[in-house]
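The entries follow the order in which I looked things up.

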Amino acid sequence: MRLSREEVEHVALLARLGLTEDEKEMFRDQLSDILENAGVLGELDTAAIPPTAQVLPLRNAMRADAAEPSMSVEDVLANAPRREDDYFRILPVFEEEYDK
Amino acid sequence: MELYKLTVHEAHELLTKKQITSVELTRSVLERIAQVDPTIRAYITVTPDLALEQAQRVDEKLAKGERVSPLAGIPIAVKDNICTKGVRTTCASRILENFVPPYDATVARQLRALDAVIVGKTNLDEFAMGSSTENSAFFPTRNPRDVERVPGGSSGGSAAAVAADIAIAALGSDTGGSVRLPASFCGVVGLKPTYGRVSRYGLVAFASSLDQIGPLTKDIADCALVMNGIAGYDRMDSTSLPEPVPDYTKALVPDVRGLRVGVPREYFVAGIEPGVEKAVRGAIDRLVALGAQVGETSMPHTKYALAAYYIIAPAEASTNLARYDGIKYGFSTRDATDMLDGYFKTRQQGFGPEVKRRIMLGTYALSAGYYDAYYLKAEKVRTLIKHDFDEAFQKFDVLVAPTAPTVAFKIGERMANPMAMYLTDIFTLTANPAGVPALALPCGQVEGLPVGLQIFGKPLGEETLLRVGYALEQAH
């Protein structure tokens with residue numbers, strides 16, 4: 001089973017990951033290869049086995065709902081690729097310009 | 001005296017006896033870095049000024065007769081996926097190439113509180129995804145034992161730094177063997193602690209249910225000392241275990257009489273290099289000679305661990321790496337027209353091939369229609385893998401196995417084939433889904449290249465691992 005080009009493009013869209021044409025072809029092969037290997041799991045009857053997402057005995061680790069000092073705005077924005085005043089600046093989400 | 005060759009415990013003794021100063025020790029390591037790191041390339045960032053300032057502060061404390069911690073004044077390297085406040089933390093990725101964390105990881109804060117001297121940030125496979133450190137976006141690290149070979153990965157920079165005496169000790173992280181494999185390939189000691197034993201706060205997330213920070217050191221005593229410094233509950237990590245931390249140096253007793261040592265036969269299978277098996281069997285024979293009760297056992301689901309791991313880890317990675325959006329921090333494309341285009345191009349230009357592969361694989365395994373068949377299936381198999389360990393630990397105190405099927409391989413040898421690279425981790429990646437601790441330590445050589453013995457322990461059984469490791473080290 002080799003993944004189709006459409007499947008690779010669909011997954012890349014879900015992952016918000018741009019791919020070149022060469023990468024799409026490469027991943028068709030490589031992902032198929034890895035997923036084929038994962039097929040070995042089908043040998044095991046796991047109908048009665050519960051899944052394990054994490055191994056700790058802890059459940060619902062909550063802290064008290066108390067206010068504590070947080071990072072300064074300058075620290076939070078220090079690595080921002082684009083900023084305006086005390087905000088992260090982002091690219092337009094919609095094509096149309098609204099408030100002009 | 002070549003101070004850079006010292007262990008942590010040796011250096012601590014000389015510092016407290018005032019036979020050396022931390023500035024002398026730190027200079028020695030920095031000069032050694034300048035001399036050999038252009039070849040080894042273990043470091044992405046070296047911080048000589050910060051290191052010497054810190055060393056100076058420790059020397060002032062020592063001069064005043066103050067008591068200092070066993071890590072005080074000791075030059076330590078930190079893997080570059082562990083956040084260090086004010087010092088660039090790249091994860092060996094273009095997407096974080098210029099990221100300067102506004103806070104310290106808990107382990108970095110602990111090291112600073114103990115007056116350790118952080119000398120720099122070490123190279124890794126991008127986002128810790130890899131087994132050779134060749135997936136670094138910047139450059140591969142070379143194995144100090146043979147510079148034509150890989151140091152293992154993903155903590156290859158930390159292992160190479162310790163092996164090349166350009167750090168006295170180092171921190172790495174282990175998601176499927178990333179501390180133990182490079183320790184094995186470079187001939188040093190590496191420990192993956194029990195999941196939750198060491199805080200992950202500030203460790204850049206790869207696969208959150210598997211990631212764990214651990215020490216890479218020149219010997220077992222140093223491993224105990226670094227663990228004393230970094231283990232413990234942290235309220236900033238909700239997966240951190242609220243359990244008391246023992247003094248790990250108390251485990252440094254060369255006595256394994258009566259200890260029940262299991263040898264799981266599934267770790268001695270076709271594909272293992274004969275010289276590796278011979279060295280590991282030799283270590284097992286030494287344990288018998290030291291009075292351990294050694295018996296064979298079976299962990300029947302071992303052969304499914306690789307497939308389960310390469311669903312679970314990429315699934316968690318694809319989720320964790322969704323945060324790199326070019327908005328809050330990190331690389332951001334300059335040629336996008338709108339938000340969606342910005343995501344696509346930022347991530348296309350910022351991530352390397354292995355990271356893209358795992359994001360794709362993980363996203364596929366979590367996507368509608370495939371979730372049950374891949375992700376849920378892998379999580380059920382994870383239950384069976386953990387059960388294998390639980391069962392084996394009913395009969396045995398520790399389990400021993402090779403760390404890897406081969407010794408360090410040549411640079412470039414496995415880069416073209418992802419599955420061949422993934423198979424490098426086949427003996428290490430079982431510990432992470434099960435959450436158990438595992439220690440890698442040198443147990444011999446094949447044609448001059450180190451072989452690593454791996455010892456698995458019960459959850460929070462690090463002391464037993466250190467005791468076995470210490471007994472073997474002392475008997476060698």
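**Entry 1: a pair within a helix**

I noted that Arg28(A) and Glu25(A) are 3 residues apart in helix α2 of chain A, which means that about one helical turn separates them. Helices (H or I, at least four residues) and strands (E, at least two) are DSSP runs, numbered from the N terminus. The side chains of Arg28(A) and Glu25(A) form a salt bridge, at 3.5 Å from N to O. I take a salt bridge to be a side-chain nitrogen of Lys or Arg within 4 Å of a carboxyl oxygen of Asp or Glu. By this rule I found 37 salt bridges over all chains.

**Entry 2: conventions**

I recorded that this is a predicted model, in which local features need pLDDT of at least 70 and side-chain atom pairs count only at pLDDT 80 or more, while totals for chains, interfaces and linings use all residues. Residues are numbered from 1 along each chain as its sequence is written, chains are lettered from A and ligands numbered from 1 in the order in which they are written, and side-chain values use heavy atoms, with hydrogens and water left out.

**Entry 3: where chain B meets chain A**

I found 66 residues of chain B in contact (heavy atoms within 4.5 Å) with 54 residues of chain A. The size of an interface is often given as the accessible area lost when the parts come together. Here the buried area (accessible area, 1.4 Å probe, that two parts lose on being put together, summed over both) is about 5,300 Å², and carbon and sulfur atoms give 69% of it.

I counted 3 salt bridges between chain B and chain A. In one between these chains, Arg235(B) pairs with Glu68(A), with the closest N and O atoms 2.8 Å apart. Several helices of chain B each supply at least two residues of the side that touches chain A, among them α9 (302-320) and α10 (339-350). The largest share of that side, 11 residues, comes from α12(B).

**Entry 4: two backbone details**

I saw that a cis peptide bond joins Gly153(B) and Ser154(B), with omega about 10°. Ser154(B) lies in the loop between β3 (117-122) and α5 (156-163) of chain B.

In chain A, Asn60(A) has a positive phi of about 45° although it is not a glycine. I placed Asn60(A) in the loop between α2 (21-38) and α3 (73-77) of chain A.
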